[in-house]
Amino acid sequence: MALFSRKSKVVTPVASSSPAMAPGGGAAEARILEIGTDMLARARGHKTGLLSAKFYSDALMEWSMKDPQFKVQMFRFVDAFPMLKTTDDVYEHLRDYLDQPGVSVPPVIAAGLKAGGLAKGLAVKTISSQITSMASKFIAGTDAASALPGLKSMWDDGIAFSVDLLGETCVSDEEADGYQAKYLDLVRNLPGAVQAWKGEARLETDHVGAVPRTNVSIKISALSARCDPIDTEGAIRDLMKRIVPILETAKERGVFVNFDMEHFAFKDLTIELFQRCVEAVDFHAGLAMQAYLKSGPEDARRVCEWAKAKGKTVTVRLVKGAYWDAETIRSELNGWPCPVWPVKWQTDACYEQMAKIFLDATPRKAGEAGVKLALGSHNVRSIASVLAACEQRGLPWNAIELQMLHGMADQLKYAAAEMGLRMREYVPVGEMIPGMAYLVRRLLENTSNESWLKAGFLDNADPAALLRTPGPKAGEAGVGAGVGFSPEVLPERHTLSPAPAGLSNTRPFFTEPVRDFAEKKQREAFGGAIARATVPKVANDRTPSQAQEMVTRAAAALPAWRDTDARVRAEVLLKAAAMMREQRDGLAGVMIKESGKTWREADADVCEAIDFCEYYARCAVGLFERTRLGKFVGELDEVWHQPKGVAVIISPWNFPLAICAGMTVAALVTGNPVIVKPAEQTPGIASILCDILRQAMGAAGVPGKLAADVVQFCPAPGETTGAALVRDPRVAIVAFTGSRDVGLDILTAAAPGSPFVNAALRTNPPTHVKHVVCEMGGKNALIVDTSADFDEAVLGVRQSAFGFQGQKCSACSRCIVVDSQGMEGPTFTAFRRRLGEAMKALTIGDPLLPGTDIGPVIDAEAKAKIEGFIARAKQSGLAYVSLEIPQGLERTLGKPFVAPHVFFGVPETHELAREEIFGPVLAVMHASNFDDALRIANALPYKLTGGVYSRMPSHIEQAKRDFRVGNLYINRGITGALVGRHPFGGFGMSGSGSKAGGSEYLLHFVDPRACAENTMRRGFAPEL
């Protein structure tokens, strides 16, 4: 069936040479208004398109337009719908979403949800058919063969096509190979079928020559599981292995191949890859570029200059951009500058600016290098402005191509064809599961209040308003509007901490942004710094007697440090944070070389150390200010705090800077002298931290002798010197992070003993009770529910299990997959396969290289212990998937490596399901339902982190209520806690006390004091 109900005579316009239409001000705008009004009138005259009022009167769309809360819940349900296998699954999820507070459910749906029985099936059938119907409007078929009849109808009706395979996440080489095969199928087989179609000069030629009939769009992220800009060269090598054969086949068959643009993180990688491919293979090449990016004009000039310099003719599909929400959210979460324009008119203005840059680079004759422009837009103002700009440059309208999305703007496609424009439809094909992200974006576009199509064809807005020059409306803020678009506003926007007066920085705390390794300058600076980094040579040789001397000095320094103004102590932390910020890449390099952290892990470790300093500095000041309780006349009631005394810090090797810094500065800022006993594997970075703290004290005006006594460094064996420090009666606080067994030993050693056992304690009791801050291990579980988004869950589980080789107390050690049909059921088997293949995409190598995912384990003892677990698991007959350590790697680097392993179908009684391993080993377990999954997850005494991947609201709420862990993560990985945002720490056998990086943590290091003063004298009180 043809897309259009009638055909009209095509009129080919001629570029105007009238002086009145010359570039400039009113005349240019008048011409834009003239063209736009004509196109809009033609489009509105065609009433049978999908974006007519009829489209919006479809039941789900109509309900969604009426109630924003219903729209949110319905579209979230639509996203989960393809994963639901049974009528009961669909019904339960639908009811769960629509039962949320504030959602107005249409009567026909509400009746079915309440009635159950046969009505339940009818409700499910109604909703399912509506979703399938909506999907069919935007997705042309499951594959090219099923889409081909529709493509031919489009061609017959004067519309060309570009086929796009749906799917936005590739987690394995197997999936990348599968996408390559599908793309190869398209470029091999489509041309033969398309070649038999009737000729259509308007679609097959532009102003300088022939245009290929067959047009295919590719997403680079679908063609490599290693598509990560942190290792741009490695990513390009892997991508070109699959892309070059596609391009060579396209060259042979005369197929045009367009590189789609995806998230901002891939922008520079995509442009670089595109340029190298064009230089390697002489194919018909196109590239999508996004006008919602602030870098758009610069990117446009970059591509134009490259094309001219290399003598290449390429096409650019200029689009507004489809990931605005995700880009704004991601940038704010990371504290990065937002890459997209904050308000829509800025994107529209940038679109026109970029289009003019491309038009200026448009070739004027065959064989001339430059950039041809394809307009990906449904906005008549944008289209008209470019057509007018063509006329101003003496270019005919067929110098550009108009492209629109399948299922959208059919009226405009009709109008464009009638006006003689070369019109191409972007046609997605694929299965519903990978197509959901695409479908939901289209639904959101169509129901957005800012949608030009909604305004133009549903609301029938005034043409003059629709076609006005991009700019703020009356009363609307100008450029830069939009809360949260600049990192500068984030501290006050989120208020993660107090903002005490009297400090050098009186703004609230905000997390230190990690490096954006998608940016070339940051990659190069980081790589250079870590290469130059040198690990200090530190001997772990301090003796118990030396430790005793340190305690003596610290105890003597306590009064002076205790009585130092709290703001001075806080200022020390701020200055230390500034010093670490200046040295951050070098500090990361020390950790990479000393502990084997990879790039992102090391950078995040430094950021967390900075965060602890900045956060605790702001939180500490108020503890030492007297706070009045009540307003009783005649009585002044106040509370404040004082430091506990000498603090011993026993820090781990897995976060050798962050955790060491967090415990140390928490004790320091609250007035306690500290003795830092770092892990024996990582004394180098700890020594640098202590040097920084002492330098910061000097910069804050603390005398050098006091600084030296308040911060002391004690690299030593834990069994002897560490044990002596814990047992010294003058020590008031022990802050420890490490294994369960060592933690329990410290708790036992720190206890004063029982006077009923040791009678001497009755006559000579200790002066204080030692306080132990004890953070121990975890056997953390991540539950994958039946409705989980596997694209996210697979990658989240993989990173949580194998980040820093699994050497995190928060790491995912157990993955519990819910499937009512058992381990042979569809959910368990699909997840098992995808996770196993995804693990194979990890790269084991030198952590100094950006492409390394898995580095060495900490030492030979750890390697032997981890491999013991692996060997016993294999002997028990468990199925597994593993990697191999590259030959010669251990010898070359001189460090021990353990290959990642995933074991499947692990019983609850197996040691893999019960023992903390602290290495790259994951046990995948089965649960029959969500309740069963929670039971398994809660069964162990460890209570640190846990996670759930689910799209069922009631299960998410149930997890918040019943998943007994200190840190619960929903639909994301379970590692990577951030100071002030994810206060970190567990209970049970995972530790005791308040959470690190939280508002209560500093209370570990102080004693509260209270005072009640009678202010009444002779019956008189000052307040009266």
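Rings of Phe, Tyr and Trp (the six-membered ring, for Trp) are taken as a pair if their centres lie within 6.5 Å. The views below all come from a predicted model.

**View 1. An aromatic cluster built from ring pairs.** The residues F509, F612, Y615, Y616, Y1001 and F1005 are linked into a cluster by ring pairs, and the structure as a whole holds 19 aromatic pairs. For Y616 and Y1001, the ring centres are 5.6 Å apart and the planes meet at 15°, so this pair is stacked, the cut-off for stacking being planes under 30 degrees apart. Y616 belongs to helix α26 (residues 599-620), whereas Y1001 sits in the loop between β27 (991-992) and β28, so the pair ties together parts that are 385 residues apart in sequence. Y616 is buried, with a relative accessible area of 0%, and Y1001, at 2% relative accessibility, also counts as buried.

**View 2. An edge-to-face pair between two helices.** F790 and F831 form an aromatic pair with 5.4 Å from centre to centre and 75° between the planes, a geometry that is edge-to-face. Because F790 lies in helix α33 (residues 790-802) and F831 in helix α34 (residues 826-840), the pair ties together parts that are 41 residues apart in sequence. Both F790 and F831 are buried.

**View 3. Charged side chains over aromatic faces.** K597 lies over the face of F804, at 4.4 Å from the ring centre. In a second example, R626 is placed over the face of W640, where the distance from the ring centre is 5.1 Å.

**View 4. A three-stranded open sheet.** The strands of this open sheet follow the order β11-β12-β28, and their pairing is antiparallel. β11 (627-628) and β28 (1006-1014) stand at the edges with a single partner strand each, so one side of each is left without a neighbour in the sheet. Between β11 and strand β12 (residues 635-643), which run antiparallel, there are 2 bridges, and T627 has V639 in β12 as its bridge partner.

**View 5. Two separate nonpolar cores.** The largest nonpolar core has 99 residues, and M39, I243, F259 and F358 are those with the most contacts inside it. Leaving aside residues up to four places away in sequence, I243 touches I218, I220, L223, F259, L273 and C277.

Terms used:
Residues numbered from 1 in each chain as written. Predicted model: local features only at pLDDT ≥ 70, side-chain atom pairs only at ≥ 80, totals over all residues. Heavy atoms only, no water. Core = buried A, V, L, I, M, F, W, Y, C linked by side-chain atoms within 4.5 Å. Buried < 20%, exposed > 50% of the residue type's maximum accessible area, 1.4 Å probe, protein only. Contact = heavy atoms within 4.5 Å. Pairing = 2+ DSSP bridges. Helix = DSSP H or I, 4+ residues; strand = E, 2+ residues; numbered from the N terminus. Phe/Tyr/Trp six-rings, centres within 6.5 Å; stacked < 30°, edge-to-face > 60°. Lys NZ or Arg CZ within 6 Å of the ring centre and 35° of its normal.
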